[in-house]
Amino acid sequence: PASNLAGGNFSRVISLLTPATTYYYKAFAGNSTDTYWGAELSFTTASPNPNITTTSLTGFGNVCTGAIGGPNSFTINGTNLTTTDINVGPLAGFVFSTTSGGAYTSSLILPQPGGTYSQTIYVEFLPTAVQSYNGNIPVNGGGISAAVNVAATGAGVNSTATVTTGASSAITTTTATLAGNVSSNGCSPLLSYGIEFSTANGFANGTGTQRPSTNITGGNFSSGLTGLAPSTTYYYKAYAVNGGGTAYGAQQSFTTVSPVLNATALTGFGNICIGATSVQNAFTLTGANLTAANIVVGPLNGYAFSTTAAGTYTATLTVTATGGVYNNAIYVKLSPTAVQSYNGNIPVTGGGTTGTLNVAVTGAGVNTPPTVTTGSSSNIFTHYATLAGNITANGCSNALGYGIEISGINGFADGTGTKIAGSNLAGAAFSVIANNLVQGATYYYKAYVTNNGGTAYGAQQSFTVSSVPDLFTIFPVPAAPGSAMRFSIKNISPGYYGLQFFNSSGALVFQHHMNIQANFINQTVTIPGTMARGVYQLKLVNTDGVVAKTTVLIH
């Protein structure tokens with residue numbers, strides 16, 4: 001029934017009809033008494049359009065050039081299709097098949113009977129260049145009016161290897177072993193691989209020093225580094241090269257071992273005479289983790305060095321080292337050239353160490369005087385005495401002079417007395433005769449010896465001169481012409497005195513004049529060499545007359 005009558009016209013929409021079917025129809029109207037029909041007419045429903053839909057195709061991602069990606073797949077679904085063949089493709093870089101293991105072609109022609117259709121299409125990705133291959137796979141035919149596009153994504157790549165930087169090992173002062181791993185070769189075979197290293201933290205790829213390796217096994221390899229600097233931090237990366245370029249692992253680091261030198265203490269040399277050479281002392285030099293760089297000992301003024309006690313000593317000692325451990329005695333001698341201190345530090349360098357090892361040494365150059373002792377006094381007379389000394393050590397040089405220093409002052413200072421030089425050294429002993437002494441007086445004396453180092457003195461000794469007798473005495477008797485004759489007398493008054501010689505005829509042949517300041521006379525007189533031999537009368541006179549007289553034989 002209809003319900004839209006207007007001006008005698010009405011209409012009615014009929015749904016749920018079958019497509020492509022002829023239907024017959026009549027209009028009708030009725031009242032309470034009857035129904036009236038119009039003439040019969042007909043119409044045919046329209047046929048539906050052909051339709052194709054597809055599922056989506058999973059993207060291929062990055063695929064190495066020359067390799068095959070996939071297969072991935074999508075499904076074609078068609079309805080109301082005509083019997084026209086369905087065409088798939090082409091799209092550059094992609095090939096198609098109706099089975100996953102079948103033959104793949106750049107495009108497909110799919111015969112179909114029309115109506116409803118369904119087919120899975122398998123797709124492989126074959127990139128030939130490093131580029132993007134994103135695009136649409138066209139699907140058409142079966143009576144559809146426009147192609148259906150299936151989105152395809154993928155990229156051709158020439159990827160580098162996948163590299164991991166490994167650990168460091170076997171680290172010494174100048175060498176190390178560094179590891180790497182290639183877990184994937186990338187898109188092409190490896191051309192080279194190894195370790196790149198630098199002393200710069202964070203160094204840019206390609207700016208370091210490369211050490212290629214040839215020992216890869218199961219992806220693992222190592223490179224040995226040599227010629228490194230001791231006590232230095234190095235940074236390194238594993239690298240691998242293929243047709244796609246060079247790949248690097250993450251940066252790692254290691255520090256080379258520090259060489260170490262140590263020395264035992266060196267015994268001091270004490271005082272050494274200038275111009276002489278000491279006996280050798282020694283210190284032990286030990287080293288660990290050393291490089292092959294030579295070890296240098298010295299120089300230090302006054303000292304010389306050797307690796308053997310009896311070897312050749314040099315001011316600077318160069319020890320050829322082979323690296324690693326070192327343990328050896330260094331022998332040292334002191335040869336001072338001046339009177340001064342030779343305390344200092346012997347420098348030891350080399351073996352790869354960065355600083356200087358200082359070995360403390362003490363010594364002094366001296367020019368010591370001799371050692372002398374004061375001997376006894378003997379043969380003490382009224383005017384002279386014999387005084388002895390002994391040289392117990394020469395000091396730094398031979399004696400230049402020796403003797404006795406004498407004074408009438410107890411405790412007199414060295415050098416303030418009267419020196420009596422000796423000349424009769426026998427071994428270490430010597431003696432001198434002190435003449436013109438005052439009778440009865442006490443004298444103080446010291447032995448002395450002089451060398452290049454100065455004058456040394458023995459301890460003070462003393463003696464007392466014998467007193468002259470009261471009587472007029474002469475000595476020796478007889479006396480000889482030209483010789484000295486001593487005469488003495490005590491308890492006289494100071495003043496003028498004369499000693500007169502009278503020959504047997506009573507003639508005065510010689511007279512010695514004196515001005516006496518003491519109450520005694522104890523002097524010598526030289527008898528003229530021309531005086532004839534014989535007996536002479538000897539008189540001691542003063543202004544008052546003859547004081548004493550005696551006879552003397554001149555023979």
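Okay, let's start with the largest pocket: 17 residues line it, and Phe10, Arg12, Lys26, Ala27 and Phe28 are the ones nearest its centre. Before I go on, please keep in mind that this is a predicted model.

So how much volume does the largest pocket have? About 410 Å³. If you sort its lining by class, you get eleven nonpolar residues, four polar ones and two charged ones.

The second largest pocket has about 170 Å³ of space. Its lining includes Phe381, Thr382, His383 and Tyr384, and also Thr473, Ile474 and Phe475. Arg486, Phe487, Ser488 and Asn522 are among the lining residues too. Which elements give two or more residues to that lining? Strand S43, residues 473–475, and strand S44, residues 484–490. By class, the lining of this second pocket comes out as six nonpolar, five polar and one charged.

The peptide bond going from phenylalanine 475 into proline 476 is cis, with omega near 0 degrees. Proline 476 sits in the loop between S43 and S44, and Phe475 is one of the residues lining the second largest pocket. Then, in the loop between S44 and strand S45 (495–502), we find asparagine 491. Its phi is near 65 degrees, which is positive in a residue that isn't glycine. Is asparagine 491 buried or exposed? Its relative accessible area is 55%, so asparagine 491 is exposed.

Asparagine 379 isn't a glycine either, yet its phi is positive, about 50 degrees. You'll find asparagine 379 in the loop between strand S35 (371–378) and S36. Asparagine 379 has 48% relative accessibility, so it counts as partly exposed.

And there's another cis bond to show you: glycine 298 to proline 299, again with omega near 0 degrees. Proline 299 is in the loop between strand S27 (295–297) and strand S28 (303–306).

Next up, alanine 434. This residue is in strand S39, residues 429–434. Its relative accessibility is 0%, so alanine 434 counts as buried. What does alanine 434 touch, once you leave aside neighbours within four places in sequence? His383, Tyr384, Ala385, Leu387, Ile406 and Ile420.

On to the disulfides. How many does the structure hold? Two. Counting the bonded cysteines along the chain, the pattern is 1-2, 3-4.

Cysteine 64 is joined to cysteine 187, S to S 1.9 Å. The torsion about that S-S bond is about -80 degrees, so this disulfide is left-handed. These are distant parts of the chain, 123 residues apart: cysteine 64 is in strand S6 (62–64), and cysteine 187 is in the loop between strand S17 (176–184) and strand S18 (192–198). Cysteine 64 is partly exposed at 22% relative accessible area, whereas cysteine 187 is buried at 18%. The cut-off for buried is under 20%.

Cysteine 273 pairs with cysteine 396, S to S 1.9 Å. That link is left-handed, with -80 degrees about the S-S bond. Here too the pair links distant parts of the chain, 123 residues apart, from strand S25 (271–273) to the loop between strand S36 (385–393) and strand S37 (401–407). Cysteine 273 is partly exposed at 22%, and cysteine 396, at 17%, counts as buried.

Last topic: the cores. The largest nonpolar core has 25 residues, and Phe74, Val88 and Ile137 have the most contacts inside it. Strands that each supply at least two residues include S7 (69–81), S8 (86–88), S11 (115–125) and S13 (135–141). Which strand gives the most? S11, with four residues. Leaving aside near-sequence neighbours within four places, valine 88 contacts, among others, Phe74, Ile76, Phe96, Leu108, Ile121 and Ile137. There's also a second, separate core of 24 residues, which includes Leu300, Leu317, Ile330 and Leu334.

That's my tour, and I'm happy to take questions.

Definitions and conventions
Residues are numbered from 1 along each chain as its sequence is written. This is a predicted model: local features need pLDDT of at least 70, side-chain atom pairs count only at pLDDT 80 or more; totals for chains, interfaces and linings use all residues. Side-chain values use heavy atoms; hydrogens and water are left out. A nonpolar core is a set of buried Ala, Val, Leu, Ile, Met, Phe, Trp, Tyr and Cys residues joined through side-chain atoms within 4.5 Å. Buried means under 20% relative accessible area, exposed over 50%, partly exposed in between (1.4 Å probe, protein chains only). Contact means heavy atoms within 4.5 Å. A disulfide is a pair of cysteine sulfur atoms within 2.5 Å. On a 1 Å grid over the protein atoms alone, a cavity is a set of points where a 1.4 Å probe fits but cannot get out, and a pocket is an open set with protein on both sides within 12 Å along at least five of seven lines; lining residues have an atom within 4 Å of a point. Grid points are joined across faces, edges and corners, and a volume is the space filled by probe spheres set on the points. Ala, Val, Leu, Ile, Met, Phe, Trp, Tyr, Cys and Pro count as nonpolar, Asp, Glu, Lys and Arg as charged, and the others, Gly among them, as polar.
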